[in-house]
Amino acid sequence: MILGFKLPMLITMGGLIIDFELAPASERDLAVGRELLAENDNRIVIGDKAYVSAPTGEELWQYNRIRLLTKTRKNQKKQIPTFVSRIYDAVRQIIETVTSQLNAQFSIETNHAHTLRGLCARLYTKLTAHTLCIHINRLLGVPDYLQIKQLAFPNEHKAPIDS
């Protein structure tokens, strides 16, 4: 949460943030997610349990060709197979990694903006920096290009200089 706002993001399997929505924290996740996804087309999207809604899934498919997949709640009659649940968990791990990086390396939750415009400017800067780190790692041939801490803080992991 950022100063009374939430930041749902659309993240690729490679950890790249391709879209986001800054919304008041009081808004329901499903409503904000529907708005975010309605601006996109032709995607398969995995959402958390806050996005469980057959009508929303049907609407997104009909108008945007977005297939919204979610883990089922425990009280639902139709449960997903275990192997599918593991895929969801792997995707959630990518999302958690990106969220953790935004907090740890870019201090996205810490903000000194005085206006909404200032908050948006800082937010765009930090999200762009994250994207740039992934791009640089890809250019450098780093196999796990989500490992961005070295780029964000290059002096923290330098070997000591021998005298």
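Which residue lies over the face of Y145? The legends below answer this and describe other close-up views of a predicted model.

**View 1. Two arginines over aromatic rings.** R138 is the residue that lies over the face of Y145, at 4.3 Å from the ring centre.

**View 2. An aromatic pair between F20 and Y124.** One aromatic pair is found when the whole structure is searched. F20 and Y124 form this pair in an edge-to-face arrangement, with 5.3 Å from centre to centre and 65° between the planes. Strand 3 (residues 17-20) holds F20 and helix 4 (residues 116-140) holds Y124, so the contact ties together parts that are 104 residues apart in sequence. F20 counts as buried because its relative accessibility is 19%, and the cut-off for buried is under 20%.

**View 3. The salt bridge between D29 and K6.** The whole structure contains four salt bridges by the search used here, and one of them joins the side chains of D29 and K6, at 2.6 Å from N to O. The two residues belong to distant parts of the chain: D29 is in helix 1 (residues 29-38) and K6 is in strand 1 (residues 5-6), 23 residues apart.

**View 4. The salt bridge between E59 and R34.** In this salt bridge the closest N and O atoms of E59 and R34 are 4.0 Å apart. E59 lies in helix 2 (residues 54-64) and R34 in helix 1, so the pair ties together parts separated by 25 residues in sequence. E59 is partly exposed, at 34% relative accessibility. R34 is also partly exposed, and its relative accessible area is 30%.

**View 5. The salt bridge between D89 and K71.** The side chains of D89 and K71 meet at 2.7 Å, N to O. D89 is part of helix 3 (residues 82-104), while K71 sits in the loop between strand 6 (66-70) and helix 3; the pair links distant parts of the chain, 18 residues apart. D89 counts as partly exposed at 38% relative accessibility, and K71 is partly exposed with a relative accessible area of 24%.

View 6. N42 is not a glycine, yet its phi is positive, at about 50°. The residue is found in the loop between helix 1 and strand 5 (43-47). With 60% relative accessibility, N42 counts as exposed. R65 is not a glycine either, and its phi is positive at about 55°. R65 belongs to the loop between helix 2 and strand 6. The relative accessible area of R65 is 40%, and the residue is partly exposed.

**View 7. The largest pocket.** The space in the largest pocket is about 920 Å³. Its lining has 36 residues, and those closest to the centre are P8, M9, I11, R92 and I95. Two or more lining residues come from each of strand 1, strand 2 (9-11), helix 1, strand 5, strand 6 and helix 3. Which element gives the most to the lining of the largest pocket? Helix 3 does, with eight residues. By class, the lining of the largest pocket consists of 24 nonpolar, five polar and seven charged residues.

**View 8. The second largest pocket.** The second largest pocket holds about 400 Å³ of space. It is lined by 20 residues, and S53, A54, L68, L69 and T70 lie nearest its centre. Helix 2 and strand 6 are the elements that give two or more residues to this lining. Strand 6 provides the largest share of the lining of the second largest pocket, with five residues. The lining of the second largest pocket divides into nine nonpolar, six polar and five charged residues.

Technical notes: Residues are numbered from 1 along each chain as its sequence is written. This is a predicted model: local features need pLDDT of at least 70, side-chain atom pairs count only at pLDDT 80 or more; totals for chains, interfaces and linings use all residues. Side-chain values use heavy atoms; hydrogens and water are left out. Helices (H or I, at least four residues) and strands (E, at least two) are DSSP runs, numbered from the N terminus. Buried means under 20% relative accessible area, exposed over 50%, partly exposed in between (1.4 Å probe, protein chains only). Rings of Phe, Tyr and Trp (its six-membered ring) pair if their centres lie within 6.5 Å; planes under 30 degrees apart count as stacked, over 60 as edge-to-face and the rest as tilted. A charge sits over a ring if NZ of Lys or CZ of Arg is within 6 Å of the ring centre and within 35 degrees of the ring normal. On a 1 Å grid over the protein atoms alone, a cavity is a set of points where a 1.4 Å probe fits but cannot get out, and a pocket is an open set with protein on both sides within 12 Å along at least five of seven lines; lining residues have an atom within 4 Å of a point. Grid points are joined across faces, edges and corners, and a volume is the space filled by probe spheres set on the points. Ala, Val, Leu, Ile, Met, Phe, Trp, Tyr, Cys and Pro count as nonpolar, Asp, Glu, Lys and Arg as charged, and the others, Gly among them, as polar.
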